[in-house]
Amino acid sequence: MSNVATIVSVAGASFAASFVEAVEALTVVLAVGFMRGWRSSLAGAGAALAALALMVAALGPLIGLVPLRALQALVGILLLLFGLRWLRKAILRAIGIIALHDEAEAFARERRGLAEAERKRGRGLDWVAWATSFKAVLLEGMEVVFIVIAVGAGGLLWLASAGALAACVLVAAIGAAARGPLSLVPENALKFGVGVMLSAFGLFWTGESLGVAWPGGDAAILAFAAMFLAVALALVALLRERRTEAA
Amino acid sequence: MIARIVEPLIGLFIEDGLLAAGTLIAVAAVATLTLTGALPTAVAGLMLVFALPALLAASVLLSVKRARRQ
């Protein structure tokens with residue numbers, strides 16, 4: 001695969017996936033901030049980021065100790081599980097079987113839950129707010145870390161990290177400016193694209209770990225992405241049509 | 001607190017049990033056949049290329065069927 005195609009696929013997949021995760025984390029942090037105060041919310045988010053940094057610093061160097069084939073197999077299988085799950089969900093959302101993820105609704109739901117907890121709150125540190133932000137940022141952050149490691153596993157960790165960092169910084173900047181949920185982000189379209197890319201990377205790495213010499217080398221990733229996209233779009237078209245007929 | 005974090009972490013990879021199990025079984029079967037020398041690597045690659053999108057399609061179709069029944 002040419003350098004440009006490599007950069008676009010690795011950084012693009014990492015950016016888009018991280019963007020979705022960052023939006024989800026930001027939605028919770030904003031809801032907590034509005035309801036319970038910014039200090040606790042930002043302290044929880046900061047603690048989660050510190051925990052993530054520690055985890056990456058501690059576990060990152062261990063990646064080099066794992067045999068390449070084993071790492072490819074592990075990353076490939078996890079990417080397949082992760083990518084196919086996203087793609088399945090995006091297809092089901094596109095045909096209306098499950099509801100579209102609505103960040104505005106998630107924001108409102110989080111606020112309602114916190115208002116309930118507010119009534120039970122005593123004096124002292126607001127642990128509910130802290131823990132809610134901490135959990136959201138830690139979980140979404142771990143997804144970002146996993147995506148970066150998996151997508152950049154072919155020696156392009158720096159590129160995947162740059163894509164993820166750019167997404168997180170962009171989301172944080174938009175969140176700071178808008179002070180509201182990023183409900184305008186076309187999340188399902190992003191998840192659709194990311195599911196396609198992660199599944200394609202997963203198929204590629206799983207095959208590589210078994211010694212498959214893919215035709216075209218790295219360029220096979222793009223062919224796999226096209227294949228998963230075609231299958232997903234065909235499913236959406238077929239099942240939408242059937243639903244329309246049934247209605 | 002730990003359980004509340006671990007549960008969604010597992011959910012990151014496994015949501016539809018059938019899809020996750022099918023993926024693991026397909027990869028394990030192809031890997032076993034390849035590593036024992038029963039399957040050339042080129043055929044292994046081809047099997048993965050066909051099996052994984054087929055599993056995705058099966059999982060989606062089953063979910064739609066289940067939803068219609070409800």
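Reader: What percentage of the residues of chain A count as buried?
Author: Keep in mind that this is a predicted model. A residue counts as buried here if 20 or more other C-beta atoms lie within 10 Å of its own. Chain A has 247 residues, and the share that passes is 48%.

Reader: How much of the contact set in chain A with a separation of 6 or more comes from residues 24 or more positions apart?
Author: Take the contacts in chain A whose partners have a separation of 6 or more. Those between residues 24 or more positions apart make up 87%.

Reader: Which classes of residue make the contact of α2(A) with α5(A)?
Author: Helix α2 (residues 38-59) and helix α5 (residues 127-151) of chain A pack with axes 7 Å apart, at an angle of about 35°, and the crossing is right-handed. On the α2(A) side you'll find, among them, A47(A), A48(A) and L52(A), which face a set in α5(A) including W130(A), F134(A) and M142(A). Sorted by class, the residues of this contact come out as 16 nonpolar, 6 polar and no charged.

Reader: How does α2(B) run relative to α3(B), roughly parallel or roughly antiparallel?
Author: In chain B, helix α2 (residues 17-35) and helix α3 (residues 41-69) have axes 10 Å apart and an angle of about 165°. Angles over 145 degrees count as roughly antiparallel. So α2(B) is, relative to α3(B), roughly antiparallel.

Reader: And how many charged residues does the contact of α2(B) with α3(B) have?
Author: The crossing of these two helices is right-handed. Contributors from α2(B) include L18(B), G22(B) and V30(B), while α3(B) brings M47(B), L55(B) and S59(B), among others. The class tally for the contact of α2(B) with α3(B) is 12 nonpolar and 5 polar, and for charged residues it's no charged.

Reader: Which element gives the most to the side of chain A that touches chain B?
Author: Between the chains, 32 residues of chain A are in contact with 31 residues of chain B. On the chain A side, the elements giving two or more residues are α3 (68-94), α5, α7 (187-209) and α8 (220-246). With 12 residues, the one that gives the most is α3(A).

Reader: How many charged residues does that side of chain A have?
Author: The side of chain A that touches chain B has 24 nonpolar and 3 polar residues. Its charged residues number 5.

Methods:
Residues are numbered from 1 along each chain as its sequence is written. Chains are lettered from A and ligands numbered from 1 in the order in which they are written. This is a predicted model: local features need pLDDT of at least 70, side-chain atom pairs count only at pLDDT 80 or more; totals for chains, interfaces and linings use all residues. Axes are lines fitted to C-alpha atoms, for helices over the stretch in contact, and angles run from 0 to 180 degrees between N-to-C directions. Helices (H or I, at least four residues) and strands (E, at least two) are DSSP runs, numbered from the N terminus. A crossing is left-handed if the near helix is turned anticlockwise from the far one by less than a right angle, and right-handed if clockwise. Two residues are in contact if their C-beta atoms, placed from the backbone, lie within 7 Å. Ala, Val, Leu, Ile, Met, Phe, Trp, Tyr, Cys and Pro count as nonpolar, Asp, Glu, Lys and Arg as charged, and the others, Gly among them, as polar. A residue is buried if 20 or more other C-beta atoms lie within 10 Å of its own, exposed if 12 or fewer, and partly exposed in between; C-beta atoms are placed from the backbone. Angles under 35 degrees count as roughly parallel, over 145 as roughly antiparallel, 65 to 115 as roughly perpendicular and the rest as oblique.
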